Amino acid sequence: MIIIGGSVAGLRSAEQLAKRGLSVLCLERKQEIGVPKHCGEGLGLGHFKRLGLKPDKRWCAAAMKGAILYTPTGKKVEIKFDKTVGYILERKQFEKYLAEKAAKAGAVTRVRSNVSEIKREKGGVKVTVKDLFEAEYFGKMLFACDGTAGIASRSLGLENSIQASDLDSGIQYEMVGIDFDQPDMIHLWFGNDVAPRGYVWLFPKGKNHANVGIGIGSHLGKPAAFYLNKWIDARPEIKKGSIMEVNSGIIPVGGLLEKMTADNLMLVGDAAHQVNPIHGGGMGLAMEAADLAAEVAAKAFKKNDLSNSALQEYNSRWWEKTGVKLKRILQIRYMMESLSDKDYEALAENFTGEEIMKLQGGSLGESAKLVTTKLIRKPGLMKLMLKYLAPKEGRGK
Ligand SMILES: Cc1cc2nc3c(=O)[nH]c(=O)nc-3n(C[C@H](O)[C@H](O)[C@H](O)COP(=O)(O)OP(=O)(O)OC[C@H]3O[C@@H](n4cnc5c(N)ncnc54)[C@H](O)[C@@H]3O)c2cc1C
């Protein structure tokens, strides 16, 4: 079994496949696992539970109790719980922890192993690595965990390209020496001039230490850095700080794939666009998909049938458990894209934090009901929101 990409999807897949007795080689082109990180490092407690992960000081920087959302004029909506609901990780350490767990289970990971060619051969897959380690490897099956821009899937004939309007571009500064309130909460700023089709985030990693970043629609003119720098320039309490690190990358926030398998091939993580279309979080979804993919692949190995039809269970179970939910969230993303700054203010005035959570997480029917009751005096906004909250046919691409 060959895995291309040694990040969260690849490393979790490696562990889960090796635990099921398969021989696993995970190839990663970076020179150090986890470095650079392209991530705000936020991971919700639900994922910890479903993945059986226990927060560890080595790779958990700070515990979070909720979120504060800010409108363009600075109105705040607080969604606070009396217990921890998520963590800001130290992702460089977290990925190393995943690599250790994979190694303990018997998988081998190799950095500086850029895969330059992938071909079907003798009922399996041959990959060529041209890097510090030059080699050719043959595997009966390939896990494509090589991210949004990866080549693995397309090399084997499974289309996973994504249109520009379904990509966010993100940039983030890890900063110290900055001042902000409530270091046990994540902070999110919305508005069409602040972050078109996205938000500015401040994810605390300590009292004066945070990831300060932005994600915006990648097709929307000015680069993400322009908006982030403008936002920081207007805040002396942030501007005075030190930037220790710059992280950037693209985030698939749509383009959900109906087919994530082909003969001898499975796609996991960003390579399969398994990302929350509103907040852009993909770590937890990637690792949960890795667990499912490994279970299905191990069954297929046992039956000695690695054909696309033997791997179908991955597509159907992922869509049933996760895809349907993400598709609904995608509809809400489309709705958010059509909101004006005035609409954001109206939402903050009319909805509590708890209700905003329900809008994002509840069924379309529940969300529509909530919108109808809360926006009775705002018929224009109500109509606009309801248009996007109607069920749509079909799955992904
Ligand atoms: C700015 C930013 C902030 C984000 N913040 C958050 C957040 O706070 N929380 C969250 O959950 N998610 C966040 N995300 C999304 C999250 O980082 C991704 O969803 C997640 O990393 C997906 O994991 P993955 O393993 O599928 O892909 P990736 O992490 O992209 O890993 C793919 C790996 O494959 C390797 N690779 C690619 N091609 C080859 C090749 N040919 N040969 C060998 N190796 C190869 C790459 O080097 C890379 O290590 C953020 C993303 C960005 C860009």
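Colleague: Where does the polar side-chain atom of arginine 91 lie relative to the ligand?

Modeller: This is a predicted model. In it, a polar side-chain atom of arginine 91 lies 2.7 Å from an oxygen atom of the ligand.

Colleague: How much of the ligand does the protein bury?

Modeller: Taken alone, the ligand exposes 1,000 Å². The protein buries 91% of that.

Colleague: Which residues around the ligand come nearest?

Modeller: There are 32 residues around the ligand. Ser7, Glu28, Gly40, Arg91 and Asp270 come nearest.

Colleague: Now the domains. What does the assignment give for the protein chain?

Modeller: Domain 1 is written in three pieces: 2–59, 91–163 and 255–326. Domain 2 covers 164–252, and domain 3 covers 330–388.

Colleague: How should I read the interface of domain 1 and domain 3?

Modeller: The general idea: interface size is often given as the accessible area lost when the parts come together. Here, domain 1 and domain 3 bury about 460 Å² between them, with 66% of it on carbon and sulfur atoms. On the domain 1 side, Pro277, Ile278 and Leu326 lose the most area to domain 3. Together they make up 77% of what that side buries.

Colleague: How many residues are in contact, and how far apart are the centres?

Modeller: Five residues of domain 1 contact five residues of domain 3. The domain centres, taken over C-alpha atoms, are 35 Å apart.

Colleague: What about salt bridges and polar contact?

Modeller: Zero salt bridges are counted between domain 1 and domain 3. One residue pair is in polar contact across the interface.

Conventions
Residues are numbered from 1 along each chain as its sequence is written. This is a predicted model: local features need pLDDT of at least 70, side-chain atom pairs count only at pLDDT 80 or more; totals for chains, interfaces and linings use all residues. Side-chain values use heavy atoms; hydrogens and water are left out. Domain bounds come from an automatic or database domain assignment. Contact means heavy atoms within 4.5 Å. Buried area is the accessible area (1.4 Å probe) that two parts lose on being put together, summed over both. A salt bridge is a side-chain nitrogen of Lys or Arg within 4 Å of a carboxyl oxygen of Asp or Glu. A polar contact is a pair of N or O atoms within 3.5 Å; within protein, one must be able to donate a hydrogen and the other to accept it, and residues adjacent in sequence count only if both atoms are side-chain atoms. A residue is near a molecule or strand if one of its heavy atoms lies within 4 Å of it. Accessible areas come from the Shrake-Rupley method with a 1.4 Å probe; for residues, only the protein chains shown count as cover.
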